[in-house]
Amino acid sequence: MKLRLTQKHFDRPRPCSPGKSREELCDTVVPGVYVEVRAGCPDWASVYLRHRNGSNKTAHTKLGTTLDLTLKEARTKARQLKAAIALGADPQADARQRKAVPTWNAFFTESYLPHAKQAKRTWKNDADMHRLRLGPRFGATPINRITRQEVQQFHNELREDGLAPATADHHLKLLRHALNLAVDWGMLQVNPAAKVKQFNSENLVERYLSDEEFKRLMRVLRDHENRPMACIVLWLLATGARSGEAKAATWDDIARDQTVWTIRSEHSKSKKRRAVPLNDIARSVLQEIRASGCTSGHLFVGKRGPYKYLSKNWERICEEADLQGLRLHDLRHNYASMLVNSGHSLYEVQQALGHSDPKVTMRYSHLSKESLQGAANSAGDRIKAAMAE
């Protein structure tokens, strides 16, 4: 319906004609401007400009509503828009771009997760972090609308909610990695998480056992009623393996003479096959497992089958041994400490632990310095003894 629109049409939009759910009131002053009234919204209406797009097809660009625009403002905005269109502008380009950019939920489930399933052994951890925290926070937000400030705030809130610094950092690293892929795939211009700092970026916190603590742990493991759990703890301490590598170990991975354990590439963090020499303690663990009747399948099997989670059982062992703040992963650090303090080089430690980057092994350099100091002291003692004669 064409008519000369007045401010009254904005202040109190006329109702639709009987039997119609929507109706257009077209302005005769600025051709293309129209007010769309709907039967379901009697108190306000939408204001549009009808025009031709770059393909010479009719397009409709929303200028606003009668609640936030006056008639004068709508006509001014329409004239400016028509002038821009005449110069080649496409007012709907932004709208099309917004539709083309996926939300975090859509990006994660349709793009990132299929990729992660092929590239990462720990993709299930990523899925859990998305389900529990990242999805609820960023799920409905288009990835190009996620800001650095929002990422920083999310990272801080994880700590305020009681998560450990390393756990909070895992969420940040996942968000950063996923959005880096979005940049690589041309879905995003800039990664908003790129410059957000981690709480504990180098993760150099280690807990070493004193001689007395070590003895208490050995006494508990020797007599502990949960023998499979005691065996897996001894295995970790005797091999320096990661808990995930031990949980995945099978009898097929053990050499016939029980001198070498082969960690398959799909179970190794470095994604490389690794051969671990077995010492007497590790071989005694194998003998105990064989004596229990487990001679096939996974090495470490609890009452409900192969171990999936160790934290609760490990907490009980630490409580019995009166060990404070000792993580299961610290057994790996203590294995490295024993090697270094026995005079082995950092290169040997790197090979034993399966580090792909020697920089990671350098965290144990302070231990080698202590060993060197001991050697230097031995030389000093020899000199003193000679001088005293």
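Predicted model: local features only at pLDDT ≥ 70, side-chain atom pairs only at ≥ 80, totals over all residues.

Numbering starts from 1 along each chain as its sequence is written, and side-chain values use heavy atoms, with hydrogens and water left out.

Rings: I searched the whole structure and got eight aromatic pairs (Phe, Tyr or six-membered Trp rings with centres within 6.5 Å; planes under 30 degrees apart are stacked, over 60 edge-to-face, the rest tilted). One of them is Y34 with Y48, stacked at 5.4 Å centre to centre and 15° between the planes. Y34 is in strand β3 (residues 33–38) and Y48 in strand β4 (residues 41–52), so this pair ties together parts 14 residues apart in sequence. Strands here are DSSP runs of E, at least two residues, numbered from the N terminus. Y34 counts as buried at 3% relative accessibility, and Y48 is buried at 17% (buried is under 20% relative accessible area with a 1.4 Å probe, protein chains only).

Next I checked F138 and F154, which pair edge-to-face, 5.3 Å centre to centre with 70° between the planes. Both F138 and F154 are buried. I also noted a cluster of W104, F107, F108, Y112 and W185, linked by ring pairs.

Charges: The charged end of R137 sits over the ring of F138, 5.7 Å from its centre (the rule is NZ of Lys or CZ of Arg within 6 Å of the ring centre and within 35 degrees of the ring normal).

Technical notes:
Helix = DSSP H or I, 4+ residues; strand = E, 2+ residues; numbered from the N terminus. Buried < 20%, exposed > 50% of the residue type's maximum accessible area, 1.4 Å probe, protein only.
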